[in-house]
Amino acid sequence: MNTIVGTYECKVDAKGRVLLPAPLKKQLAASLQDGFVLKRSVFQSCLELYPMEEWNLMMQKINKLNRFVKKNNDFIRKFTAGVKVVEIDALGRLLVPKDLVNFANITKDVVFSSAVNIVEIWDKDLYEQSIDDGVDFADLAEEVMGNINDDENGIS
């Protein structure tokens, strides 16, 4: 798993094309040949850009679900709804399909935000709202990370 780092603001043109910022493109260079999967986020009104290698790892997990269990089948259908295989063109642009532009309410300004091994793509205004959502980040950090103690890496 490659960790992706950074938050980048960009413009989207009328055709839904976004020029990848150079630092992000450099981090994704190893994945440019294999392509990417772009999908709706499960929890937010944003998109998720998976390098193909990461998508394949996710699909390995999902393929372990028993499809004869209705909830599993429903989950798979909803998780993969609107999924598109996308590429970065020769000019370094990502074409966001119209249905995904509409899902994420993308207008003119977008934010690429790293999320460990994938990239979230947000409408800038919605991204700002999600960051300033009134949740106390210190409390959230303690609740989520407070019980993790990994002495090997110096994280406590």
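**A strand and its neighbours**

Q: Which residues sit on each side of β4, and are they buried or exposed?
A: Both faces of β4 are covered: Leu47, Leu49 and Pro51 lie on one side, Glu48 and Tyr50 on the other, and all are buried. Buried means under 20% relative accessible area, exposed over 50%, and partly exposed in between, with a 1.4 Å probe and protein chains only. Strands (E, at least two residues) and helices (H or I, at least four) are DSSP runs, numbered from the N terminus.

Q: What kind of model is this?
A: The model is predicted: local features need pLDDT of at least 70, side-chain atom pairs count only at pLDDT 80 or more, and totals for chains, interfaces and linings use all residues. Residues are numbered from 1 along each chain as its sequence is written, and side-chain values use heavy atoms, leaving out hydrogens and water.

Q: Why is β4 described as largely enclosed?
A: Because 5 of the 5 residues of β4 (residues 47–51) are buried, the strand is largely enclosed by the rest of the structure.

Q: How many bridges join β3 to β4?
A: Strand β3 (residues 36–40) runs antiparallel to β4, and 5 bridges join them. Two strands pair if DSSP finds at least two bridges between them. A hairpin of 6 residues connects β3 to β4, and Leu38 stands opposite Leu49.

Q: What about β8?
A: Strand β8 (residues 118–123) pairs with β4 in the antiparallel sense over 3 bridges. There, Val119 is the bridge partner of Leu49.

Q: Changing topic, where is Ile148?
A: Ile148 lies in the segment after α6 (137–145). Ile148 is partly exposed, with a relative accessible area of 38%.
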